[in-house]
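Welcome to my notebook. I looked up a few things in this structure and wrote them down as I went.

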Amino acid sequence: MAALVRWKEHSPDDVIARAQAGPLLAIAGVQDPGNLGTILRSAEAFGAAGVLLGEGTVSPFNSKLVRASAGSVFRVPIARTKLDAMLGAMRAQGLRLIATSSHKGITLSKAKLTGQLAIFIGNEGGGLPRDLISEMDEVVVIPHSSKVESLNAGIAASIVLYEISKQR
């Protein structure tokens with residue numbers, strides 16, 4: 001079977017403007033298509049308003065990503081952008097900027113995750129770039145065993161989105 005479809009394109013500003021409807025995800029360099037597919041699937045499941053894909057992030061057209069997203073890639077508003085260039089627009093929209101970290105920050109269950117949020121998820125090997133972390137309003141950490149260095153980016157994003165949905 002084959003199909004020819006028109007991809008609904010969204011601008012970064014359009015995605016940011018949707019943040020009144022739910023949290024916004026900002027993905028910084030996630031390279032594994034399975035991880036990003038999982039993030040998109042969880043974004044749809046937990047009511048995220050949209051996803052901004054920063055530099056170095058895998059293409060949303062990757063076939064493994066499409067399978068991992070279970071079709072969410074076609075329904076969640078997505079835009080490619082330079083994340084640092086969009087911080088002003090996010091703040092102007094009234095978004096609180098929240099970084100995820102595997103090592104230090106406020107424990108996820110103690111973080112106030114209500115209101116308009118932009119959740120930043122970093123790449124699998126290095127996390128978020130330091131220049132982005134320095135611009136955040138808050139850094140949250142998901143407590144886990146010290147035997148594990150960090151959580152998979154897709155799993156971490158899913159846990160954060162679940163906690164946001166619980167607090168709403």
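**Entry 1: the sheet**

I began with a pair of facing residues: Val51 is opposite Ile78, which belongs to strand 3. Before going on, I noted that this is a predicted model, where local features need pLDDT of at least 70, side-chain atom pairs count only at pLDDT 80 or more, and totals for chains, interfaces and linings use all residues. I also noted that residues are numbered from 1 along each chain as its sequence is written, and that side-chain values use heavy atoms, with hydrogens and water left out.

Strand 2 (residues 50-53) and strand 3 run parallel and are joined by three bridges. For my labels, strands (E, at least two residues) and helices (H or I, at least four) are DSSP runs, numbered from the N terminus. Two strands pair if DSSP finds at least two bridges between them.

What is the order of the strands in the open sheet? I read 3-2-1-6-4-7-5 for its seven strands, with parallel pairing. At the edges I found strand 3 (78-80) and strand 5 (106-107), each of which pairs on one side only. As a reminder to myself, strands of a sheet pair through backbone hydrogen bonds, either parallel or antiparallel.

Next I followed strand 4 (residues 96-101). Four bridges connect it in the parallel sense to strand 6 (residues 117-122), where Leu117 is the bridge partner of Arg96. Strand 4 is also joined to strand 7 (residues 138-141) by four bridges, again running parallel, and there Thr100 has Val140 as its bridge partner.

**Entry 2: salt bridges**

How many salt bridges does the rule give? I got five, counting a side-chain nitrogen of Lys or Arg within 4 Å of a carboxyl oxygen of Asp or Glu.

One of them is between Arg75 and Glu44, at 2.7 Å from N to O. This pair links distant parts of the chain, 31 residues apart: Glu44 is in helix 2 (residues 33-45), and Arg75 is in the loop between helix 3 (63-69) and strand 3. Glu44 is partly exposed, at 32% relative accessible area; I use buried for under 20%, exposed for over 50% and partly exposed for in between (1.4 Å probe, protein chains only).

Another joins Asp137 and Arg91, with their closest N and O atoms 3.0 Å apart. Asp137 is in the loop between helix 5 and strand 7 and Arg91 is in helix 4 (residues 83-92), so the pair ties together parts 46 residues apart in sequence. Both ends are partly exposed: Asp137 has 41% relative accessible area and Arg91 has 35%.

I then looked at Glu163 and Lys166, whose closest N and O atoms are 3.5 Å apart in a salt bridge. They are about one helical turn apart because three residues separate their positions in helix 6 (residues 153-167). Is each end buried or exposed? Glu163 is buried, at 11% relative accessible area, whereas Lys166 is exposed, at 52%.

**Entry 3: a backbone angle**

Most residues other than glycine have a negative phi. I found Ala70 in the loop between helix 3 and strand 3, where it is partly exposed, with 42% relative accessible area.
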